[in-house]
Amino acid sequence: MTLRIYAIAYLVFLYAPIILLPLFAFNDATIIAFPLSGFTTEWFQQLMTTQALHRAAQNSLFIAVLTALLSTILGVCAARAGAMYDFPLKRGILGLVMIPLVLPEIIVAVSLLVVAVQIFDVGLSNWTVIAAHVLICTPFSIAILNGAFQNLDPAMEEAAMDLGESRWSAFRLVTLPLVMPGIIASMLIAFTISLDEFIIAFFLTGANPTMPVYIWGLLRFPASLPVVMALGTILVALSIALLTCAELLRRRGMARVGLKDKGGFI
Amino acid sequence: MVSPPLIYVLLMLAFPMGAIILFSFWTQEFMTLDTTFTLANYREIWEKPIFAALLQRSLFVSGCVTLVTVILAFPVAYFVSFHVAPERKSLWLFLITIPFWTSYLIRVFLWKVILGYNGVVNTGLIKIGLIDEPLTFILYNVNAVIITLAHAFAPFAILPIFVALEKIDRSLLEASQDLGESKFTTFFRVTLPLAMPGVVAAVLIVFIPTIGDYVTPELMGGAGGKLVANMIQTQFLALNNAPLGAALAIVAMICVTAISLLFVFLNRRWLRGRS
Amino acid sequence: MTGLIQLNGVNKYYGDYHALRDIDLTINEGEFFSLLGPSGCGKTTLLRTIAGFEGVSGGVVMIGGRDMAGVPANQRPTNMVFQSYAIFPHLTVAENVAFGLRKRPDIDKSTAVDAALDMVGLSGFGHRVAHALSGGQRQRVALARALILKPQVLLLDEPLSALDKKMREQMQVELMRLQRHIGITFILVTHDQEEALVMSDRIAVMFDGKIGQMDDPETLYRRPKTRLVAEFIGKMNFLDAMVKDADITVDVQGLGTCVIAPEQAPSGVTLGAGAVGIRPETLAILFDGETTDRETIQGTVAEVVYYGDMTYYDVTIAGIATPLNIAMKNLIGRPVLDVGDATTVVWDARSLVLLPAAA
């Protein structure tokens with residue numbers, strides 16, 4: 001019982017900052033502090049008219065969509081290889097691919113910065129951010145897709161080939177439908193990570209900032225803080241919606257292959 | 001099949017890492033890069049006390065964050081694994097992971113609102129009469145950095161421990177009690193050793209990345225709470241001394257890796273010593 | 001005579017591991033053939049080389065007179081029932097059964113599916129979701145799915161190992177009936193000797209990637225060629241023996257001198273040290289009031305294992321190192337002996353099998 005109370009207290013600790021967000025987003029005061037004064041939607045209206053924000057949002061969406069696609073494609077390759085085939089150095093290679101998960105992000109950021117600017121002199125743009133985001137999102141994609149692929153019986157594709165299908169059509173007719181929920185979940189997660197990522201984007205972003213980089217700029221001006229709260233509220237709501245979709249899809253995928261659900265992502 | 005992700009990682013990680021190591025042996029004056037091989041950057045890090053102090057503080061903060069995060073996380077992972085009905089486990093995990101995925105920058109900033117001079121904690125404590133003056137030791141120092149990072153990395157610690165606990169065959173616990181151990185001693189003789197791989201994973205997955213965070217110290221740390229990542233960032237983006245920044249990043253990586261390996265090694269010895 | 005399936009000198013390596021060693025094998029049309037052996041003996045690998053999932057490192061696989069080298073699984077006239085059944089969980093039963101018909105416009109889908117489901121006793125199950133089926137039902141779906149394509153050969157990879165004992169025995173009978181009904185060749189992989197004996201026309205017993213003996217079930221049981229085969233199939237007592245002449249006069253440890261018929265020496269006759277095998281049910285205990293005109297010998301009961309319909313005794317006999325295992329039916333009037341009881345054991349030279357000496 002004490003354990004349950006502790007766990008609930010812990011959840012409160014986890015959610016404390018997020019609960020504050022909408023409070024201040026609708027608060028009719030320019031200072032972010034208690035006590036609250038009154039209700040307003042002014043900060044949301046300001047969001048509508050800020051051109052720089054819209055550009056940042058477009059940038060971030062572009063980056064996040066491409067990151068989601070690319071990291072999921074790489075994730076499918078790795079997860080399928082890991083679940084279905086044996087090859088030399090398998091553990092080592094699969095471990096190496098997961099390394100960006102534990103690497104300090106600043107290391108990823110500065111090393112890619114050096115390569116892009118000093119060695120190849122390609123200049124910073126959305127593409128440098130995408131390259132880095134794919135690198136850090138791929139391990140998450142692999143982790144999610146591993147779940148989908150490991151539940152697959154390798155005999156399943158063989159059965160399809162035994163029944164006359166080619167290697168590719170066996171994959172398309174049998175494996176793909178079974179892992180589809182995992183693929184969509186992976187894309188949603190990668191999209192969410194990329195949309196929210198700041199540490200690397202700050203180093204690698206080009207002339208047009210991404211959304212978090214833009215927010216970072218706003219944080220320095222106290223007058224713009226209520227707008228940040230409003231923006232944050234929208235982003236949090238969006239993230240929760242996306243994550244809920246991803247989770248529901250993951251569960252549907254498990255149910256489709258008739259498995260009992262045993263845990264969440266990763 | 002595995003080659004596309006492997007090639008990508010090699011291209012985007014191994015190659016840049018090599019580049020940055022090479023870079024750390026060069027020097028830079030304003031915008032001109034001098035590519036003669038030199039240990040000057042490392043010498044500077046070794047000789048100027050500011051770098052050692054920053055590194056020390058960074059490792060201390062990462063260590064504290066890891067300790068706090070893992071100790072706070074273990075009971076939650078234990079609760080979800082052992083006391084939550086199977087069909088509700090994924091809901092709990094989902095609730096635990098959600099805050100982790102949502103706007104990192106704004107979350108950090110909100111801790112400032114919670115811990116600040118006119119923040120939630122202070123106004124709350126004054127209202128219920130526990131204190132007269134706002135507390136000042138909870139913002140713009142190392143404490144604030146630790147609290148915020150412990151919050152940010154919580155799911156990272158809970159998930160691996162949860163996975164390890166889930167793998168424990170429940171009949172082992174019954175066997176232990178059948179052989180005369182109490183519930184309490186069973187926890188220490190069976191559950192904890194078997195959960196150790198998860199704890200080790202949690203420690204590494206929190207300890208290593210926290211060293212690279214510069215947002216939290218920047219927003220929460222005040223003047224005395226800056227860490228090595230802030231210095232790396234400054235060298236690269238403000239001072240245009242990328243080689244020194246690179247050397248600093250490498251030194252930080254080496255320290256973290258060495259401590260992690262030592263931890264894994266000590267843990268193995270401890271587990272072997274027990275069995 | 002050339003068989004439907006012919007393997008000549010087939011070898012298979014996985015790196016340094018020699019999984020199949022010089023396999024020569026002919027399987028006839030309409031035959032129920034089993035590959036029997038302990039796990040890791042190469043029987044599944046052999047089945048998969050016939051199916052086309054594994055290439056061979058050397059040798060030839062022919063099906064229907066055609067060399068199968070380079071022919072992928074989806075173009076061979078074989079279909080397989082997988083050990084895990086590999087039922088597609090996202091499809092219904094009917095969709096699973098119809099899976100292979102996509103490239104066979106010559107077969108009318110719905111009638112074929114109905115007929116196939118009817119054949120395996122699953123009429124009316126077509127709309128069910130595949131993952132809601134029981135083990136036995138999955139097995140039937142897998143069968144229907146493979147048979148609907150009218151293969152020349154049906155390959156079965158341990159199809160009954162996931163079922164409980166009752167279900168397994170029922171499916172054994174059904175599979176035999178099915179094979180007789182449609183008349184195509186079945187190749188079954190199993191580690192269960194009883195299953196192989198019950199179902200097969202012929203059995204190949206495999207050890208370490210080699211075929212140890214290939215015969216019909218009765219020959220295999222009565223006249224095993226090696227101790228390994230004899231031990232793997234049923235129980236057998238082994239006694240040291242000395243072959244004295246070419247007429248197979250043998251000195252058997254503890255039993256004395258006797259003559260063994262030539263057909264009871266399947267691996268040939270070598271003068272000198274050898275061994276004989278005796279099945280437990282060909283020995284008997286002489287109970288009070290029973291008489292015999294066969295050979296007898298005195299012993300002491302060392303162990304009693306009661307099975308209900310049968311009792312297995314271990315009987316110690318002077319001059320024999322290991323007690324003899326004897327199986328007795330518990331007929332009316334026969335008591336169950338106790339450990340330590342003195343007893344008379346009946347034996348007959350006709351049931352002895354001459355084997356090579358223990359290695």
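Helices (H or I, at least four residues) and strands (E, at least two) are DSSP runs, numbered from the N terminus. This is a predicted model, in which local features need pLDDT of at least 70, side-chain atom pairs count only at pLDDT 80 or more, and totals for chains, interfaces and linings use all residues. Residues are numbered from 1 along each chain as its sequence is written, chains are lettered from A and ligands numbered from 1 in the order in which they are written, and side-chain values use heavy atoms, with hydrogens and water left out.

**View 1. The elements of chain A.** Chain A holds eleven helices and zero strands. Its C-alpha atoms fill a box of roughly 70 × 60 × 35 Å along the principal axes.

View 2. Take contacts (heavy atoms within 4.5 Å) between residues at least 6 apart in sequence: 69% join residues at least 24 apart.

**View 3. Charges of chain A.** Chain A carries 14 positive side chains (Lys and Arg) and 14 negative ones (Asp and Glu). The centres of the two sets lie 6 Å apart.

**View 4. Confidence along chain B.** Among the elements of chain B, helix 3 (residues 49-83) has the highest mean, 90. Strand 2 (residues 32-34) of chain B has the lowest, 71.

**View 5. The domains of chain C.** The domain assignment (automatic or from a database) gives chain C domain 1 (5-222) and domain 2 (235-356). Over C-alpha atoms, 39 Å separate the centres of domain 1 and domain 2 of chain C.

Key. Charge placed at Lys NZ, Arg CZ, Asp CG, Glu CD. pLDDT = per-residue confidence, 0-100.
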